[in-house]
Amino acid sequence: MKNTIETNEKRIKAFKEKMEEAGLKIKAKYSEEVAVLEQKNRDLKKKLEEYKDEGQSKWEEFKTNFKHDMDGIGKTMKDLFKDNH
């Protein structure tokens, strides 16, 4: 899970660098979406850091919810970044 969060951070950083190179029009178009992705990724990182072992059933619930959130971020990144290669 940590590796995926770190990978997201790297992909977001690389996309931001491309935005800078592309100019103001592209930056204006995508900056808000990228900021939302960054915040969601930070929120997931915080959830992971703050997770406390509360038994197997709570762990399974946490994993399911966390995976759902990670998949959502991944899909958003894929959709956003594929248009801008």
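What percentage of the 85 residues in the chain do buried residues make up? Let me begin by saying that what we have here is a predicted model, and in this model the buried residues come to 22% of the 85.

The C-alpha trace spans about 50 × 20 × 20 Å along its principal axes, and the radius of gyration is 15 Å, whereas a compact globule of 85 residues would have one near 12 Å. If we take the contacts between residues at least 6 apart in sequence, 70% of them join residues at least 24 apart.

Now to the charges, of which the chain has 21 positive and 19 negative, with mean positions 3 Å apart. The structure holds 7 salt bridges, and I will go through some of them with you.

The side chains of Lys-47 and Asp-69 form one of these, at 3.1 Å from N to O, and this pair links distant parts of the chain, since Lys-47 lies in helix α2 and Asp-69 in helix α3, 22 residues apart. Lys-47 is partly exposed, at 41% relative accessibility, and Asp-69 is also partly exposed, at 27%.

Another salt bridge joins Asp-71 and Lys-67, whose closest N and O atoms are 2.9 Å apart; because these two residues are 4 apart in helix α3, about one helical turn separates them.

Finally, Lys-27 pairs with Glu-20 in a salt bridge at 2.8 Å between the closest N and O atoms, and Lys-27 counts as partly exposed, with 31% relative accessibility.

Conventions
Residues numbered from 1 in each chain as written. Predicted model: local features only at pLDDT ≥ 70, side-chain atom pairs only at ≥ 80, totals over all residues. Heavy atoms only, no water. Rg over C-alpha atoms; globule rule 2.2 N^0.38 Å. Buried < 20%, exposed > 50% of the residue type's maximum accessible area, 1.4 Å probe, protein only. Contact = heavy atoms within 4.5 Å. Lys, Arg positive; Asp, Glu negative; His and termini not counted. Charge placed at Lys NZ, Arg CZ, Asp CG, Glu CD. Salt bridge = Lys/Arg side-chain N within 4 Å of Asp/Glu carboxyl O.
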